[in-house]
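Hello,

Here is the structure for your files. My notes follow below it.

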Amino acid sequence: MKTLVIAEHDNASLKAATLNAIAAAGALGGDGWLDSDGWSSAHDPCGGSEPWYGITCETNASSSNTTHVVGITLESNQLDGTLPASLANLPRLRTLDLESNLVAGTTPEAICALRELEILDVRFN
């Protein structure tokens, strides 16, 4: 079972408040994903030497160079399970694309309430 940790962070360290934003990679069938490059490592998903498949980050220079996860794109990757409400701990998330997987259940209200979310694609699940 893989455990995913995606967090908002500054250049110095990961912020503890969001360390488990997607702590459900195992709950989404992480071991069976077609592409899980980087997800089993403990390094920074936004600035490490091994990029995390499907993760897009953006640095805001006007905000003390704070880096945020702004996109999670894992379409057609054999994700299996339910969406964790902890994704709502990524307040700058603009894209959540999980199309064509095996994601079941309803989308947690907390995810739908993300103010910057522009694309939520869970078709064909």
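Four strands make an open sheet in the order β1-β2-β4-β6, with mixed pairing. Its edge strands are β1 (55–60) and β6 (119–121), and each pairs on one side only. Neighbouring strands of the sheet are turned by 20° against each other on average, direction ignored. Axes here are lines fitted to C-alpha atoms, and angles run from 0 to 180 degrees between N-to-C directions. Strands count as paired if DSSP finds at least two bridges between them.

This is a predicted model: local features need pLDDT of at least 70, side-chain atom pairs count only at pLDDT 80 or more, and totals for chains, interfaces and linings use all residues. Residues are numbered from 1 along each chain as its sequence is written, and side-chain values use heavy atoms, with hydrogens and water left out.

Inside the sheet, β2 (residues 66–73) and β4 (residues 95–97) run parallel, joined by 3 bridges. Ile-72 stands opposite Leu-96 in β4.

**Whole chain**

The protein chain has 1 helix and 6 strands. The order from the N terminus is β-β-β-β-β-α-β. Both are DSSP runs, numbered from the N terminus: helices are H or I with at least four residues, strands E with at least two.

The protein chain has 125 residues, and 39% of them count as buried (under 20% relative accessible area, 1.4 Å probe, protein chains only).

Among contacts (heavy atoms within 4.5 Å) between residues at least 6 apart in sequence, 49% join residues at least 24 apart.

Best wishes

Notes
Buried means under 20% relative accessible area, exposed over 50%, partly exposed in between (1.4 Å probe, protein chains only).
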